[in-house]
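Hi everyone, thanks for coming.

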Amino acid sequence: MPLPASIGRVCPHPCESECRRGKVDKPIAIADLKRYIGEIDVKNGTYVPEIKPSTGKKVAIIGGGPAGISCAYFLSMEGHKVVIYEAQPHPGGMLRYGIPQYRLPKDLLDAEINTLTKMGVEIVCNTKLGEDITLPYLKKNYDAVFIAIGAWASTPLNCPGEELDGVMGGIEFLRKATLSEPIYLGENVVVIGGGNTAMDVARTAVRLGAKSVKVLYRRTKEEMPAEEIEVKEAQEEGVEFTFLVAPIEIVGDGKRAKAIKCQRMMLGEPDKSGRRKPIPIEGEVVTFEADLIISAIGQKVNPECVKELETTKWGTISVNPNNFKTSIEGVFAGGEAVTGPKIAIEAIAQGKNAAYVIDNYLKGEDVSVANPCFIVQDDLTQEDFIKYDKEERQEQYVLPSSERRLSFRPISKALTEEQAIKEASRCLECGCHDYFECKLVNYLQKYNIKTDRIKGEKHKRDINDAHPFILRNADKCILCGLCYRTCEEVMGITALGLKGRGFNSEVVPEFNLPLNQSSCISCGQCVDVCPTGALIDKASVKKQVPVELDETTSICSFCGAGCEVVYQSKGDLVFKALPNKQKSGILCARGRFGTEHINSDLRIKTSYIVYDDIKMKFLLMNLYHFYQRN
């Protein structure tokens, strides 16, 4: 993805609120880890992906923000000539003009955007749609157009007096600060709003020298949409907060604002957002002195530059949500211009998906963006995580508030290598380890199956990990019977069988023994035929994660039988050793699971005591295959 280091610094990481490590202690610091990796990339000169041969097609992208940059990145990879037209003096969009320098250094942003230049993308700045270029011009000179103009207009306060000097929107304020344009602060700055933009505005005002900065919010601190750390750091830097107040009038001298009058509020029942709705308290009004009043209650799209396109009642560009097509053939739109204000990573996703659609459009194909298939186990509680030890979350170093408020230099330092490795090791690896091979997920995606349409009773059995090489999860079993039929009919072993009838049927080892105490010879054939991940290999690396692996064919060296083996690896780590399906298709336990001589950091149990009771079976099987081949 483009801009990983920038996203690692500024993303409010909704992924962390879903992280199951939070049921043990604290979620994994996903954003900090992304920042750590991203900054390594920047120091190394940024990775430039492989670019396909030129297609001769040209695409114009309007807007050099996250969505436009992302779309350009992925279209350029496909071999198309891409030109970005940006209205501002420099590309970056809200990442540059809406996020202060202390959170996202612009030299780092520039280094990541420079990747586009290395890929052959042309960026034309100070060029505004509707003034410097027009849609008819773009339609005539390009094979496709992608509109990603962002949401640059601040939502008005809708109260008397907001037309006075000394009242401005939060995005306008941050843009002026970034460009070092003159801003009259006076002594008292009042910020209206409770989101991350409001925090950026308040903290920027502190750094610009305002003596008093107040944030007014109509709900309580608990309902604020801003990140908790943003609120905490703003308070440390001297920002004052007043809750349960809403602006009703801006008071001035006829030319300039001097104060803001607010209605005191109380909280009622929850609204559609799930937060309790603020209700006015009759007769209770409070006034705050202010030399500068900044509205940071939201942003919206200014559709004036795209009058040729159909728009929604909210002023966003109207598109087909499945393919980003606008009302004009060959013109696509995405990012905040379509969704309204969202976080940067969502804009990047929109740009990537739009690039996929546009690439196919240029090839003469009409495609839609498929919704990814996610199957989430939602019945987990803290009781399911008792077996894990609590570990301290690694936090990046943040400068003291006394130093932070004095300048716009970065306020934090990335995790050290030691911290990053320690933090990553806290991951529970709770995702499906068989994701890339699961046939069920493939069918769900292919046929767009809604897994939550019908809900019924679920089994909740303990995962059996007693076997040194094979992990069994009966809750993923679909009772296809392939495992126990292969065990008996192909291998001549009866280590597995079907127990029970109907909904409570279950595949279990013979006599209900643990699998490692049954007649199992650890050939792994049951794992190979399982379509869902109910049976999987225990990977021979410390972190068992689903990765797309490279394959290398070789000869097993454990005995003289000369069985062909396919090693699946990533980088310098061997994850699996599998039999060559084009040959015998079978390996003994040593050939399949004995990879400790390849990976120096092997962590699986490889005690050969397991083999002693059945070594004759291994010998006979190897001899059988040897004579069969010769």
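I'll start with the whole chain, then turn to salt bridges, a surface patch and the cavities.

A word on the ground rules: this is a predicted model, where local features need pLDDT of at least 70 and side-chain atom pairs count only at pLDDT 80 or more, while totals for chains, interfaces and linings use all residues. Residues are numbered from 1 along each chain as its sequence is written, and side-chain values use heavy atoms, with hydrogens and water left out.

So, the overview. The protein chain has 20 helices and 24 strands; these are DSSP runs numbered from the N terminus, with helices being H or I of at least four residues and strands being E of at least two. Its C-alpha trace spans about 100 × 55 × 45 Å along the principal axes. Of its 630 residues, 47% count as buried. Buried means under 20% relative accessible area, exposed means over 50%, and partly exposed is in between, using a 1.4 Å probe and protein chains only.

Now, how many salt bridges does the structure hold? There are 36, each one a side-chain nitrogen of Lys or Arg within 4 Å of a carboxyl oxygen of Asp or Glu.

Let's look at E39 and R9, whose closest N and O atoms are 3.0 Å apart. This pair links distant parts of the chain, with E39 in helix α3 (residues 30-43) and R9 in helix α1 (residues 4-10), 30 residues apart. Are these two partners buried or exposed? E39 is buried because its relative accessible area is 12%, and R9 counts as buried at 17%.

Compare that with E187 and K211, which form a salt bridge at 3.5 Å, N to O. E187 sits in the loop between α8 (170-178) and β7 (188-192), and K211 in the loop between α9 (196-207) and β8 (212-217), so the pair ties together parts 24 residues apart in sequence. Here E187 is partly exposed at 43% relative accessible area, and K211 is exposed at 67%.

Salt bridges can also be found in a network: R103, D200, R203, R207, E230, K232, E233, E236, E237 and R404 are linked this way.

Next, the surface. Y443, Y447 and I449 form a nonpolar patch with about 350 Å² of accessible area together. Patches are made of residues with over 30% relative accessible area and no salt bridge, joining like charges within 9 Å and nonpolar side chains (Val, Leu, Ile, Met, Phe, Trp, Tyr) within 5 Å. The areas come from the Shrake-Rupley method with a 1.4 Å probe, and for residues only the protein chains shown count as cover. I449 is in the loop between α15 (439-446) and β18 (470-472).

A search of the whole structure finds 4 cavities of 30 Å³ or more. On a 1 Å grid over the protein atoms alone, a cavity is a set of points where a 1.4 Å probe fits but cannot get out, and lining residues have an atom within 4 Å of a point. The largest cavity holds about 170 Å³ of space. Among its 17 lining residues, C477, C483, V507, A534 and L535 are the closest to its centre. A volume here is the space filled by probe spheres set on the points, which are joined across faces, edges and corners.

Technical notes
1 Å grid on protein atoms, 1.4 Å probe; cavity = no way out; pocket = protein on both sides within 12 Å on 5 of 7 lines; lining within 4 Å.
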